[in-house]
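Reader: I have a model open on my screen and would like to learn how to read it. Could you walk me through it, one feature at a time?

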Amino acid sequence: MAKAKKIEIKITSAVVLDGEIVKPKSKVRVDAKIARNLVARGKAEELDSGAGEDGEKPLDEHTVPELKEIAKEYGVEGADKMKRADLIAAIEAAEAE
């Protein structure tokens, strides 16, 4: 089963995501379908990530906390203790599977 595409959005009105309240001005990465829904309802704005053709910015342009979140989305074990290069390698390996 393919992973759903994630999009970074800025919440403009309090919403509940995954059972938790997300306050306005928060930036979150959510499935593209959820992002489109929130943007269409005026609850969020899509952020201009400087992304390439596929809508994703390169891994080496992400911060370490962002990389840890992406690794978590892929189910990479031990990501919270990994360094930047290890996170990128683990994410690339997970994407290749």
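Reader: Let's begin with contacts. What share of the contacts in the chain with a separation of 6 or more comes from residues 24 or more positions apart?

Author: Keep in mind that this is a predicted model. Residues 24 or more positions apart account for 42% of those contacts.

Reader: Which elements does the chain have, and in what order do they run?

Author: There are 3 helices and 5 strands. Starting at the N terminus, the order is β-β-β-β-α-β-α-α.

Reader: And how much of the chain is buried?

Author: A residue counts as buried when its relative accessible area is under 20%. By that cut-off, 27% of the 97 residues are buried. The accessible surface of the chain is about 6800 Å², with 49% of that belonging to carbon and sulfur atoms.

Reader: Now a helix. Which residues of H2 are buried?

Author: Helix H2 spans residues 64-73, and its buried residues are Leu67, Ile70, Ala71 and Glu73. Look down the axis of H2: these buried residues fall within an arc of 155 degrees, so they line one face of the helix.

Reader: What sits on the face turned away from the buried side of H2?

Author: That face carries Pro65 and Lys72, which are exposed.

Reader: Then what covers the buried residues of H2?

Author: The cover includes strand S1 (6-11), strand S4 (27-31) and helix H3 (84-96).

Reader: What follows H2?

Author: Gly75 follows H2, and its phi is positive, near 75 degrees. Further on, Lys83 lies in the loop between H2 and H3.

Reader: Is Lys83 buried or exposed, and why?

Author: The cut-off for exposed is over 50% relative accessible area. Lys83 has a relative accessibility of 64%, so it counts as exposed. The C-alpha atom of Lys83 is 9.6 Å from that of Leu67, and the two residues are 16 residues apart along the chain.

Technical notes
Residues are numbered from 1 along each chain as its sequence is written. This is a predicted model: local features need pLDDT of at least 70, side-chain atom pairs count only at pLDDT 80 or more; totals for chains, interfaces and linings use all residues. Side-chain values use heavy atoms; hydrogens and water are left out. Buried means under 20% relative accessible area, exposed over 50%, partly exposed in between (1.4 Å probe, protein chains only). Helices (H or I, at least four residues) and strands (E, at least two) are DSSP runs, numbered from the N terminus. The arc is that of the directions from the helix axis to the C-beta atoms. Contact means heavy atoms within 4.5 Å. Accessible areas come from the Shrake-Rupley method with a 1.4 Å probe; for residues, only the protein chains shown count as cover.
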